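Please read it alongside the sequence and the coordinates shown here.

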Amino acid sequence: MAKQTIAGTAISPTPSIGARLLSPLQRYGVEMALVLLIVLAGILEPVFLNPVNVINVLRQVSITGTLAVGMTFVIINGGIDLSVGSIVGLAGMLAVMLQPQGLLVSTGVALVIGVTLGFLNGVGVANGIVPFIMTLATMTAARGIAFMVSDGRPVMGVSDAYAWIGEGQLVGIPVPVVVFALVVATGHFILTKTTFGRSVYAVGGNIEAARLSGINVRKNQVMVYVLSGLLAGIAGVVITARMTACDPTVGNMFELDAIAATVIGGTSMSGGEGRVTRTVVGALIMGVLANTMNLMNVSPYSQQVVKGIIILGAVLMDRVRR
């Protein structure tokens with residue numbers, strides 16, 4: 001609709017009643033959905049609101065959420081990372097196998113593995129390989145290496161210091177939740193307060209315009225995937241510390257949960273739009289939903305169907321919004 005002018009001053013058209021009613025829904029729809037889901041979960045299964053269960057949900061969300069923060073950077077940048085679940089498995093496997101070498105060595109190697117595989121993803125994407133194909137290849141290779149180094153068998157036994165990362169507490173808060181909170185705060189700061197964060201949005205919004213404005217697009221893409229790999233390495237340490245063991249299948253399908261949490265949180269699959277804080281809300285929705293279905297004894301197969309429907313709904317809402 002054309003704008004009306006009076007004495008040369010542009011006047012924006014008055015929004016319709018329907019648009020004004022829909023505006024809060026569009027702005028806070030994800031947060032409202034989380035509150036509604038928590039209320040429904042408490043009604044259907046009152047044990048859901050038990051403090052022990054709530055802490056368990058937060059522990060579960062901390063793993064997926066850590067991966068989702070990295071995925072938020074990648075998707076805003078216009079890419080996708082299918083390898084994070086396999087990186088979790090490989091990094092966690094090496095961390096557990098290197099327990100005799102000490103805590104610093106075992107966790108350090110896990111993080112280096114995450115950064116290295118993320119770097120390979122970034123270099124491939126920056127040189128023209130489609131992100132889906134590049135990270136699919138890394139996903140397959142990392143999972144294969146995890147099976148090779150472990151001969152396909154679980155590796156048991158970790159030190160008390162390592163187990164503390166998954167089971168310990170800091171001022172009464174589970175360590176995985178503390179780690180997740182630090183990841184969220186750091187990710188939010190980087191994305192909203194730094195030049196790098198602004199360039200992530202610029203590259204995802206219009207890669208050619210970003211290049212013409214002087215942004216080093218290739219470097220930006222590599223850094224985004226390195227960050228995603230690093231967070232996958234951290235998630236690998238946390239989850240294997242919590243399990244006090246590692247199986248080569250650990251992290252299987254985690255990439256889908258991370259993508260789902262990111263998309264549900266409102267990050268556009270087209271790139272250029274999204275927020276870390278809303279990804280947290282998306283991860284909480286996924287965690288509350290999974291926990292409620294577990295309490296209601298819904299089969300894992302049915303849970304996958306529900307998860308797929310939610311992801312599809314989030315993508316369709318993104319298309320409608322655009």
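The buried residues of H4 pack against helix H3 (84–97), helix H5 (131–150), helix H6 (160–167) and H10, where contact means heavy atoms within 4.5 Å and buried means under 20% relative accessible area, with exposed over 50% and partly exposed in between (1.4 Å probe, protein chains only). This is a predicted model, in which local features need pLDDT of at least 70 and side-chain atom pairs count only at pLDDT 80 or more, while totals for chains, interfaces and linings use all residues. Residues are numbered from 1 along each chain as its sequence is written, and side-chain values use heavy atoms, with hydrogens and water left out.

Helices (H or I, at least four residues) are DSSP runs numbered from the N terminus, as are strands (E, at least two). Helix H4 (residues 103–126) has 24 residues and reaches 34 Å from its first C-alpha to its last, close to the 34 Å expected at 1.5 Å a residue, the expected span being 1.5 Å times one less than the number of residues. Among its buried residues are Gly114, Gly118, Gly122 and Gly124, together with Leu117 and Asn121. After H4 comes glycine 128, whose phi is positive, near 100°.

Rings of Phe, Tyr and Trp (its six-membered ring) pair if their centres lie within 6.5 Å, and planes under 30 degrees apart count as stacked, over 60 as edge-to-face and the rest as tilted. By this rule there is 1 aromatic pair: the rings of phenylalanine 73 and phenylalanine 196 have centres 6.4 Å apart and planes at 15°, so the pair is stacked. Because phenylalanine 73 lies in helix H2 and phenylalanine 196 in helix H8, the pair ties together parts that are 123 residues apart in sequence. Both phenylalanine 73 and phenylalanine 196 are buried.

| Helix | Residues |
|---|---|
| H2 | 51–76 |
| H8 | 195–205 |
| H7 | 175–193 |
| H10 | 217–243 |

The structure holds 1 cavity of 30 Å³ or more, and the largest cavity has a volume of about 40 Å³. Its lining includes Ser62, Thr66, Phe180 and Val238, and the elements that give two or more residues to this lining are H2, H7 and H10.

Asparagine 291 lies in helix H12 (residues 276–295) and is buried, with a relative accessible area of 10%. Not counting residues up to four places away in sequence, asparagine 291 touches Phe48, Asn53, Asn56 and Val57.

Definitions and conventions. 1 Å grid on protein atoms, 1.4 Å probe; cavity = no way out; pocket = protein on both sides within 12 Å on 5 of 7 lines; lining within 4 Å. Points joined across faces, edges and corners; volume = space filled by probe spheres on them.
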